[in-house]
Amino acid sequence: MKTLTLAAVEAGDEPEGHDTALEAARAGDRAAFDLLMRRHERLVLGTAYRLAGNLEDAQDASQEVFLRLYRNLGKLETGNLAAWLYRVTVNVCHDARRRRLSTVPVDDEPELASSGGDPQQRAGEAERRALLLRSLRTLSEKERAALVLRDLEGLSTAEVAGVLGSSVVTVRSQISKARLKMRDFVERYSRRRL
Amino acid sequence: MRCANWEEQVALLAGGDLETSEAATVERHLSECAACSALAADLRAGLDGLRDVHTEPLAEAHYAAVRARVLAELAKAPGRRAVWPWAWAAALAAAAAGAWVVSLVLSPSTLPAPQLPRVVATAPMVERPVLRQPGSKRSAENQAAEAGKKSRDDSRLRRLVSRRHGVGVIPSGGPVEEAVLSGADVQAVAQASLPAPPAATNDSQVRMVQLVTDDPNVVIYWLFENTGEGR
């Protein structure tokens, strides 16, 4: 299991260097801010991609997250930067999803393309990936965020609760429901194909 | 057929979210329930597949594109970073200070205290009976009679006040004269204006004004006679 601290270290976010870059960025040093972005871009873009489900939206969300980081440099506490970025990324992705839902209707359980033909040929790795990614769309915002942070980002349940502003009990419930929903979606799709 | 009441626990077990004792309990159930055991296997496979999909790194170009977009946005407002946060802070501080000043000005507690009347007395102001006219010739007998009458009147007034108010603040022996009402420390309100006492004669009424000062131990009684003269 990976912790927030470990995630930050993996992102090259060692405390001393991080402090220096953060302080320099606070003073208006654009190069230092670019360094901060490089250190955390995998955390931000990776999480946004898993939450948004497509690269374009994930990049839009990441841009917004980093602009918010820039605007809030003076308020941030050094030790909580990773948690702050996770929280803002989740919020930005949720906001974007709500805007999308208000303009373009999206089915909760989108129909997967079924072109007929040999099931064996269509059961390739690419399709399997697509199926899993689509199963994420069946989840509610909170379930999806909890599952992404816990199962894909590898945060502990307590850390997920901290990022989402929920209790550990709530997060455990959301995670278990999310896993079951995804499993049921995959099972239904597989049964339909047979 | 899955066991509905075990599903949540099985899902948590699949992701490694159960404590050791909880996990052991669920594992025991799985060993006895084929449906739940299959569910657990499906859940584990699904999670593994999801992790596999997401462990593939995105191309470096995608990260670079985001960085470029952010820096381009920042470049649109050069110098904004150095000013913007402090401008907000200054504006908020100024607004808070202004609101505070306005609240101070408008607050009833800070308005100048209204001037209390120095003395509020409802008793009619009457002139003391003139007992002695300057230059008038009076005999010693008349003077003695007048002095005796005044002494009796004073004693009657003291008794009257004590009887009606149960207080004995009028020192005996001293003359009952008008209270000095213009003292600066008398921020008082007249609490009572006694009607004419029953014992008063038709041609002589007693008036008393009780004045309360800031000091609760000091009460000023203003006693005077109303002889009807001047009405």
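Q: What makes a group of residues a nonpolar core?
A: The residues have to be buried, come from the nonpolar set such as Ala, Val and Leu, and be joined through C-beta atoms within 7 Å. Keep in mind that this is a predicted model.

Q: Which residues touch the most other members of the largest nonpolar core?
A: That core has 64 residues, and the ones touching the most other members are A:Ala48, A:Ala146, A:Leu149, A:Val160, A:Leu164, B:Val10 and B:Ala40. Helix 3 of chain A (residues 30-52) gives the most to this core, with 10 residues. Apart from it there's another core, of 7 residues, including B:Met208, B:Trp222, B:Leu223 and B:Phe224.

Q: What is B:Val10 in contact with, leaving aside its neighbours within four places in sequence?
A: Its partners are B:Val26, B:Cys36, B:Leu39, B:Ala40 and B:Leu43. To be called contacts, C-beta atoms must lie within 7 Å.

Q: Why is helix 1 of chain B called roughly perpendicular to helix 2 of chain B?
A: Look at the angle: the axes of helix 1 (residues 4-14) and helix 2 (residues 20-32) of chain B come within 10 Å and cross at roughly 115°. Angles of 65 to 115 degrees count as roughly perpendicular, so that's the name this pair gets. As for its hand, the crossing of these two helices of chain B is left-handed.

Q: Which residues make the contact between helix 1 and helix 2 of chain B?
A: Helix 1 of chain B brings B:Trp6, B:Gln9, B:Val10 and B:Leu13, while helix 2 of chain B brings B:Ala23, B:Val26 and B:His29. Sorted by class, this contact has 5 nonpolar, 2 polar and no charged residues.

Q: How much of chain A counts as buried?
A: The cut-off for buried is 20 or more other C-beta atoms within 10 Å, and 40% of the 194 residues of chain A count as buried.

Q: What makes up the side of chain B that touches chain A?
A: The contact takes 30 residues from chain B and 33 residues from chain A. On the chain B side, the elements giving two or more residues are helix 1, helix 3 (34-55), helix 4 (60-76) and helix 5 (80-106). Helix 4 of chain B gives the most, with 10 residues. By class, that side of chain B has 16 nonpolar, 5 polar and 9 charged residues.

Technical notes: Residues are numbered from 1 along each chain as its sequence is written. Chains are lettered from A and ligands numbered from 1 in the order in which they are written. This is a predicted model: local features need pLDDT of at least 70, side-chain atom pairs count only at pLDDT 80 or more; totals for chains, interfaces and linings use all residues. A residue is buried if 20 or more other C-beta atoms lie within 10 Å of its own, exposed if 12 or fewer, and partly exposed in between; C-beta atoms are placed from the backbone. Helices (H or I, at least four residues) and strands (E, at least two) are DSSP runs, numbered from the N terminus. Two residues are in contact if their C-beta atoms, placed from the backbone, lie within 7 Å. Axes are lines fitted to C-alpha atoms, for helices over the stretch in contact, and angles run from 0 to 180 degrees between N-to-C directions. Angles under 35 degrees count as roughly parallel, over 145 as roughly antiparallel, 65 to 115 as roughly perpendicular and the rest as oblique. A crossing is left-handed if the near helix is turned anticlockwise from the far one by less than a right angle, and right-handed if clockwise. Ala, Val, Leu, Ile, Met, Phe, Trp, Tyr, Cys and Pro count as nonpolar, Asp, Glu, Lys and Arg as charged, and the others, Gly among them, as polar.
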